[in-house]
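Welcome! Here is a short briefing to read with the model open beside you.

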Amino acid sequence: MKHLFIVFAALMLSTVSYSQFEMSLSTGYAFDSAGMKLGETVTISETENSYGSYGEGANVQIRGTYFFNDSFGVDLGIGYLHGTDQTVSEVTLPNRNVDAVARARAFGASTSIVYKFTNNFYGRFGALLKLGGKTEAVIYDKSVFSQAEADASGLPLGSYSETNYKEDFHGHFPLGFVGALGYKFNLNDNFQLFVEAEYYGISLKRKDSEITEFNTDVMLPDGTVAVSGLYTIDNLPAGYNKETTYVDNLANDNTDSSKKLSQKVPYSSFGVNFGITYKFKTSTKKQNM
């Protein structure tokens, strides 16, 4: 018991007698890690799966780090992810063209333990949270009318409908893992540049979605508009719901199209960050004997 007390006292003394606070600002780019199927590419000859992660894209982070001693500290960070477009549906057929992509626009936070292997080489690992944002889907859909459809509408053969809409997807509160290894380059007593490799392991379970923009025009074969705003956000066509809720189970006789089975979508990534750190003055208290 006496030995345990001595060890505990030594740890507390090092915490009290040494403290340092740092602020860091960084930017970087992350690539998908362990990508999952997000959609399909369809042509007249084949159908191909498209894989990826919504965690791919550019990011900006602000972090504050508090060191208890020369080696150990805790880190709290917030960041923003501007995700790249991921293919959800790409259809190229004689009578149908679809270009649907989705991308992340998300805010997140992380809390980590930091360990300095040397004065310049460090590692950190901890928990990753998604604070807010959305996965934004942007869809373009061109459908050429059949002869019967064109005749029924009094349009020449080759006329088509052109639909553009956006749908925002939101998820349940997720918890993931973050880990990084980095190296700092000293500029002076206060400023350092750093580069780090960072891994995010996280997925998001869908909660709901909302169509925020919608427009369908009827076009003549030469590309001129025959009917503008045939369908709008206030007048959606059959098969579209302004709001959709995602659930874990649905009855076999369910007829409510605004409810769909939920799924998990990937946000995992591996990337490289570059940034600058400002070190505040170290606080050291000397003990009088």
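Is threonine 277 buried or exposed? Threonine 277 is buried, because its relative accessible area is 1%, and buried means under 20%, exposed over 50% and partly exposed in between, using a 1.4 Å probe and protein chains only. This is a predicted model, in which local features need pLDDT of at least 70 and side-chain atom pairs count only at pLDDT 80 or more, while totals for chains, interfaces and linings use all residues. Residues are numbered from 1 along each chain as its sequence is written, and side-chain values use heavy atoms, with hydrogens and water left out.

**Around threonine 277**
- Threonine 277 is part of strand S17 (strands are DSSP runs of E with at least two residues, numbered from the N terminus).
- Leaving aside residues up to four places away in sequence, threonine 277 touches several others, including Glu22, Lys184 and Gln192 (contact means heavy atoms within 4.5 Å).

**Salt bridges**
- The structure holds 13 salt bridges (a side-chain nitrogen of Lys or Arg within 4 Å of a carboxyl oxygen of Asp or Glu).
- One of them joins arginine 124 to glutamate 198, at 2.8 Å from N to O.
- Arginine 124 sits in strand S8 and glutamate 198 in strand S11, so this pair ties together parts that are 74 residues apart in sequence.
- Arginine 124 is buried at 3% relative accessibility, and glutamate 198 is buried at 6%.
- Salt bridges with shared partners link Arg63, Asp75, Arg124, Glu196 and Glu198 into one network.
- Aspartate 85 also forms a salt bridge with arginine 103, with the closest N and O atoms 3.0 Å apart.
- Aspartate 85 is partly exposed at 46%, whereas arginine 103 is buried at 15%.

**The largest pocket**
- The largest pocket holds about 710 Å³ of space (a pocket is an open set of points on a 1 Å grid where a 1.4 Å probe fits, with protein on both sides within 12 Å along at least five of seven lines; lining residues have an atom within 4 Å of a point).
- Among its 30 lining residues, Val88, Glu167, Phe169, Arg206 and Lys260 are the closest to its centre.
- Strand S7 gives the most to this lining, with five residues.

Conventions:
Points joined across faces, edges and corners; volume = space filled by probe spheres on them. Helix = DSSP H or I, 4+ residues; strand = E, 2+ residues; numbered from the N terminus.
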